[in-house]
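User: I am new to reading protein models. Please take a close look at one residue for me and show me where it sits.

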Amino acid sequence: MLFKIGRLEEFPLGSATIVEVQNRSIGVLNVDGQLYAILNVCPHQQAPVCRGKVRGTMLPSDPGQLVYGLDSQVLVCPRHGWEFHLQTGKALFGITKSRLLTFPIRVVENDVFVEMKERRGDPNDIAAPSDERGDAPGRLVNYTSEQ
Ligand code: FES
């Protein structure tokens, strides 16, 4: 089901905007022109993860070497610093098997929609139903424009 969350210009480059969809707090991040929609709840201790920084990280490397990578692909939780891959929602380097819940975004004629299942049950339940785990990556798909 598609839920309109705004116009494309409301999500400028580098922004992290929090929207409410079906009583859920969703972070919409524009990273290098790519939009990501992520449930604003860290799987560790439920911090507002979308308030964290987007950056790269230090990659596993040989002793004595420092290798930086994944630039602009990592969301860092502001509470304890756990790192998550923006596209997959997976925690980096196996710190946990839990992952961010991501949602596909669609842009149609400059209207931005987030795609998620219609919620049933307790509207105050912030946890994702188990059948939503592993949704498609939350990146921009099906972009069309009248330009
Ligand atoms: S609450 Fe996000 S890393 Fe702990």
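The request and the answer follow.

User: Where is the place of L70, and why does L70 count as partly exposed?

Analyst: Some ground rules come before the close look. This is a predicted model, in which local features need pLDDT of at least 70, side-chain atom pairs count only at pLDDT 80 or more, and totals for chains, interfaces and linings use all residues. Residues are numbered from 1 along each chain as its sequence is written.

Now to L70. L70 lies in strand β6, residues 67-76. Strands (E, at least two residues) are DSSP runs, numbered from the N terminus. L70 counts as partly exposed because it has 15 C-beta neighbours inside 10 Å. The cut-offs are these: a residue is buried if 20 or more other C-beta atoms lie within 10 Å of its own, exposed if 12 or fewer, and partly exposed in between, with C-beta atoms placed from the backbone.

Next, the surroundings of L70. Beyond four places in sequence, L70 is in contact with G56 and T57. Contact means that the C-beta atoms, placed from the backbone, lie within 7 Å. M58 is 12 residues from L70 in sequence, and their C-alpha atoms are 8.4 Å apart.

Step back to the sheet. β6 belongs to an open sheet of 3 strands, in the order β5-β6-β7, with antiparallel pairing. Its edge strands are β5 (53-59) and β7 (83-85), and each pairs on one side only. Neighbouring strands of this sheet are turned by 60° against each other on average, direction ignored. Axes here are lines fitted to C-alpha atoms. Two strands pair if DSSP finds at least two bridges between them. β6 and β7 run antiparallel and are joined by 3 bridges.

Now the whole protein. It has 0 helices and 11 strands. Of its 147 residues, 27% are buried. Among contacts with a separation of 6 or more, 52% are between residues 24 or more positions apart.

Last, confidence. The protein averages a pLDDT (the predictor's confidence in each residue, from 0 to 100) of 86, and 82% of the residues score at least 70. Over residues 123-147, pLDDT stays under 50. Where pLDDT is low, the predicted coordinates should not be read in detail.

Key: Helices (H or I, at least four residues) and strands (E, at least two) are DSSP runs, numbered from the N terminus. Two residues are in contact if their C-beta atoms, placed from the backbone, lie within 7 Å. Axes are lines fitted to C-alpha atoms, for helices over the stretch in contact, and angles run from 0 to 180 degrees between N-to-C directions.
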